[in-house]
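Visitor: I have a model open and would like to learn to read its features one by one. Where do we start?

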Amino acid sequence: MPPEELCKLAVEAMSHAYVPYSGYKVGAALLCADGTVYQGCNIENAAYSPTNCAERTAIFKAVYDGHRDFAAIAVCGGKDGIITGAFPPCGVCRQVMREFCNDDFLIYLVNDKGYETVTLQQLLPYGFSAGKHMSTNG
Ligand code: THU
């Protein structure tokens with residue numbers, strides 16, 4: 001699937017966000033190695049810390065369905081769903097990506113002009129993971 005298509009699915013996923021506290025809608029679209037796509041949104045909570053980010057919603061949906069090999073994820077977000085710039089994954093989401101993804105996992109950061117591409121190696125270079133997905137840097 002072309003990156004632009006994945007980015008569109010991330011934008012669509014923002015409309016599913018449950019964000020009564022921050023108002024920041026975040027969407028993600030995860031591309032599995034077999035071509036399947038999982039969308040995710042952020043789901044907030046009155047106790048704040050139970051909030052689940054869009055990226056993790058997508059990854060957890062996919063893992064539940066038996067997928068563990070991922071090629072790319074598109075991510076976008078903004079106040080009231082208005083994209084004014086890139087919305088990069090938080091540290092917790094980067095660590096969850098590291099559990100399943102290799103250094104070359106692609107992250108498309110949707111911005112107001114299109115998207116920019118980074119790798120998991122760039123976002124979390126000294127990765128901690130149990131075995132086969134271990135970073136070559138760490
Ligand atoms: N959020 C995400 O969904 N993904 C990230 O990687 C960063 C933060 C959400 C959590 C919260 O609902 C809102 O953005 C504001 O922090």
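Visitor: Is Y48 buried or exposed?

Guide: This is a predicted model, so keep that in mind throughout. Y48 has a relative accessible area of 57%. The cut-off for exposed is over 50%, so Y48 counts as exposed.

Visitor: Where does Y48 sit in the chain?

Guide: Y48 is found in the loop between strand 2 and helix 2. Strand 2 spans 37-41 and helix 2 spans 54-64. Check the backbone there too. Phi of Y48 is near 65 degrees, a positive value in a residue other than glycine.

Visitor: Which other residue has a positive phi without being glycine?

Guide: D80 is one, with phi near 55 degrees. D80 lies in the loop between strand 3 (70-79) and helix 3 (91-100). Its relative accessible area is 54%, so D80 is exposed.

Visitor: What is the exposure of Y21?

Guide: Y21 has 41% relative accessibility, so Y21 counts as partly exposed.

Visitor: What about the rings of Y108 and Y115: what geometry do they have?

Guide: Their centres lie 5.5 Å apart, and their planes are at 80 degrees. Planes over 60 degrees apart count as edge-to-face, so that is the label for Y108 and Y115. Y108 is buried at 9% relative accessible area, whereas Y115 is partly exposed at 30%.

Visitor: Which residues form the nonpolar patch on the surface?

Guide: Y18, Y21, I43 and Y48 form it. Together they have about 450 Å² of accessible area. Y18 is in the loop between helix 1 and strand 1. That loop also holds Y21. Helix 1 covers 3-14 and strand 1 covers 24-32. Y18 is partly exposed, with a relative accessible area of 45%.

Visitor: How far apart are the C-alpha atoms of Y18 and C76?

Guide: They are separated by 15 Å. Along the chain, Y18 and C76 are 58 residues apart.

Visitor: Now the ligand. Which residues come nearest to it?

Guide: N42, E44, A54, E55 and C90 come nearest, of the 13 residues around the ligand. Next, ask which atoms meet. For A54, a backbone N or O atom lies 3.0 Å from a ligand oxygen. For C90, a backbone N or O atom is 2.8 Å from an oxygen atom of the ligand. E55 uses its side chain instead: an N or O atom there is 2.7 Å from an oxygen atom of the ligand.

Visitor: How much of the ligand does the protein bury?

Guide: The protein buries 80% of what the ligand exposes when taken alone, which is 380 Å².

Visitor: And charges. How many salt bridges does the structure hold?

Guide: The structure holds 2 salt bridges. The side chains of R98 and D103 meet at 3.0 Å, N to O. Both R98 and D103 are buried. K113 forms a salt bridge with D112, and their closest N and O atoms are 3.8 Å apart. K113 counts as exposed at 76% relative accessibility, and D112 counts as partly exposed at 46%.

Visitor: What lies 3.4 Å from the backbone oxygen of R98?

Guide: A polar atom of the side chain of S129. S129 is in the segment after helix 4 (120-123). With a relative accessible area of 4%, S129 is buried.

How values were computed
Residues are numbered from 1 along each chain as its sequence is written. This is a predicted model: local features need pLDDT of at least 70, side-chain atom pairs count only at pLDDT 80 or more; totals for chains, interfaces and linings use all residues. Side-chain values use heavy atoms; hydrogens and water are left out. Patches are made of residues with over 30% relative accessible area and no salt bridge: like charges are joined within 9 Å, nonpolar side chains (Val, Leu, Ile, Met, Phe, Trp, Tyr) within 5 Å. Accessible areas come from the Shrake-Rupley method with a 1.4 Å probe; for residues, only the protein chains shown count as cover. A salt bridge is a side-chain nitrogen of Lys or Arg within 4 Å of a carboxyl oxygen of Asp or Glu. Helices (H or I, at least four residues) and strands (E, at least two) are DSSP runs, numbered from the N terminus. Buried means under 20% relative accessible area, exposed over 50%, partly exposed in between (1.4 Å probe, protein chains only). Rings of Phe, Tyr and Trp (its six-membered ring) pair if their centres lie within 6.5 Å; planes under 30 degrees apart count as stacked, over 60 as edge-to-face and the rest as tilted. A residue is near a molecule or strand if one of its heavy atoms lies within 4 Å of it. A polar contact is a pair of N or O atoms within 3.5 Å; within protein, one must be able to donate a hydrogen and the other to accept it, and residues adjacent in sequence count only if both atoms are side-chain atoms.
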